[in-house]
Amino acid sequence: MKVVRITKPGGPEVLAFDERPEPEPGPYDVQVRVRASALNRADLLQVRGAYPPPPDVPQDVPGLEYAGEVVAVGPRARKFQPGDRVMGLVGGGAWSEVLTTHEREVLRMPRGLDFADAAALPEAYLTAYDALVLQADLRPGETVLVHAVASGVGSAAALICRAMGVRVVGTGRSKDKLARASEWGVGHTVLCESSPPVFADAVLKATGGRGADVCLDLVGGAYLPESVKAMAPLGRLMQVGSVAGARAELDLGPVMRKRLTLKGTVLRSRPAEEKMLLTQVAERQLLPLFDSGALRAVVDAVLPMTELRSGLERMAGNGTVGKIVVRWD
């Protein structure tokens, strides 16, 4: 099979195509012919040598999500059969023509979707749903502040909120990208062009002075202290990303007065049992919403795998809305 591997730490230019033996499924595994994958910032960091993968996945082949067809199953696997169209998250190795993964970490593809759209779903939607609903206990009628609302996870979060009857205030650094946010049910947007960013007053105004009940922060850095100012009493701030930096100076006064909860989260390094549980929850709660059309893929571009390097460069330039998908043609 073909894979895209990292030859040495660096930029997209260090990626190369290689041939590897196809992995054999274990007792509870499925073997998947990968038709499409999607690009994530974690992949870009791994290529640069700044985000090592878990020890149980290929160390030099990035890729966190996939869509494809089951070609074989392990002797004790019962959930899927050869020919089933599936999608899912893996700790790495999705930039390959074939992968194996435990059957309980695999989702069936929603009806009516092609492989490119399905490949754009797992990382964005599982990350957003886990952070907002399972960890922040988001409820209908609340207000969510979503930073980088035009990103893959940001747009997925907004669509989940719309399906739940939750109001969204979204931030971003591009007028053109924020203009797209109304497509996902975002009622208010705030352009953050200054450094450090200033958005708390706009969020408070949009919420009648109350502030946001939940914040999904995909940016980090200087966004954190401003987010605290924008939160409602008993607000829950979920730290999911740190593209603007992993350090911030924070006044603890409003954190204590508002009785805020600040919680960090990642998916990639979690134990397999937790990933399986999340997959099962998504199977029950999210898949029906894809089937009904309430949730959908937000895809910036679909490229052949041979153009993966240019896709990474585009993503690094922050010009994307939603996900970039790469497919094996």
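Leaving aside its neighbours within four places in sequence, which residues is E226 in contact with? In this predicted model, the residues concerned are P197, V198, F199 and A200.

- E226 belongs to helix α7, which covers residues 223–230.
- The relative accessibility of E226 is 10%. E226 therefore counts as buried, since the cut-off for that class is under 20%.
- The E226 side chain reaches the backbone nitrogen of A200, at a distance of 2.9 Å. A200 is also one of the residues listed as contacts of E226.
- A200 lies in helix α6, given as residues 200–206.

- The protein chain is divided into two parts: domain 1 comprises 2–123 together with 286–327, and domain 2 comprises 136–264.
- Taken over C-alpha atoms, the centres of domain 1 and domain 2 are 28 Å apart. Domain 1 contributes 13 residues to the contact, and domain 2 contributes 15 residues.
- About 1,000 Å² is buried between domain 1 and domain 2, and 61% of this area is on carbon and sulfur atoms. On the side of domain 1, the residues that lose the most area to domain 2 are R296, V298 and V321, which together account for 42% of what that side buries.
- Three residue pairs are in polar contact across the interface of domain 1 and domain 2. The side of domain 1 that touches domain 2 is made up of five nonpolar, four polar and four charged residues.

**The salt bridge between the domains**

- How many salt bridges are counted between domain 1 and domain 2? The count is one salt bridge.
- The side chains of R296 and E183 meet in a salt bridge, with an N to O distance of 3.7 Å. This pair links distant parts of the chain, 113 residues apart: R296 is in the loop between α10 (287–292) and β14 (299–304), while E183 is in the loop between α5 (175–179) and β10.
- R296 counts as partly exposed, at 33% relative accessibility. E183 is also partly exposed, with a relative accessible area of 35%.

**Other salt bridges**

- A search of the whole structure finds 19 salt bridges.
- E142 and R236 meet through their side chains in a salt bridge of 2.9 Å, N to O. The two residues are 94 residues apart, with E142 in the loop between α3 and β8 and R236 in strand β12 (residues 231–239).
- Are E142 and R236 buried or exposed? E142 counts as buried at 11% relative accessibility, and R236 counts as buried at 14%.
- R33 and E22 also meet in a salt bridge between side chains, at 3.5 Å, N to O. R33 is in strand β3 (residues 29–38) and E22 is in the loop between β2 (15–19) and β3, so that the pair, eleven residues apart, links distant parts of the chain.
- R33 is partly exposed at 24% relative accessibility, and E22 is partly exposed at 34%.
- R5, D18, R20 and D60 are linked with one another in a network of salt bridges.

**Backbone features**

- Most residues other than glycine have a negative phi, and most peptide bonds are trans.
- Which kind of peptide bond joins S195 and P196? The bond is cis, with omega at about 5°. P196 is found in the loop between β10 (188–191) and α6 (200–206).
- D137 has a positive phi, near 55°. The residue is placed in the loop between α3 (122–135) and β8 (143–146), and D137 is partly exposed, with a relative accessible area of 39%.
- N318 has a positive phi, near 60°. The loop that holds N318 runs between α11 (308–316) and β15 (323–327), and N318 is partly exposed, with a relative accessible area of 33%.

Terms used: Residues numbered from 1 in each chain as written. Predicted model: local features only at pLDDT ≥ 70, side-chain atom pairs only at ≥ 80, totals over all residues. Heavy atoms only, no water. Domains from an automatic or database assignment. Contact = heavy atoms within 4.5 Å. Buried area = accessible area lost by both parts, 1.4 Å probe. Salt bridge = Lys/Arg side-chain N within 4 Å of Asp/Glu carboxyl O. Polar contact = N/O pair within 3.5 Å; in protein donor to acceptor, adjacent residues only side chain to side chain. Nonpolar A, V, L, I, M, F, W, Y, C, P; charged D, E, K, R; others polar. Helix = DSSP H or I, 4+ residues; strand = E, 2+ residues; numbered from the N terminus. Buried < 20%, exposed > 50% of the residue type's maximum accessible area, 1.4 Å probe, protein only.
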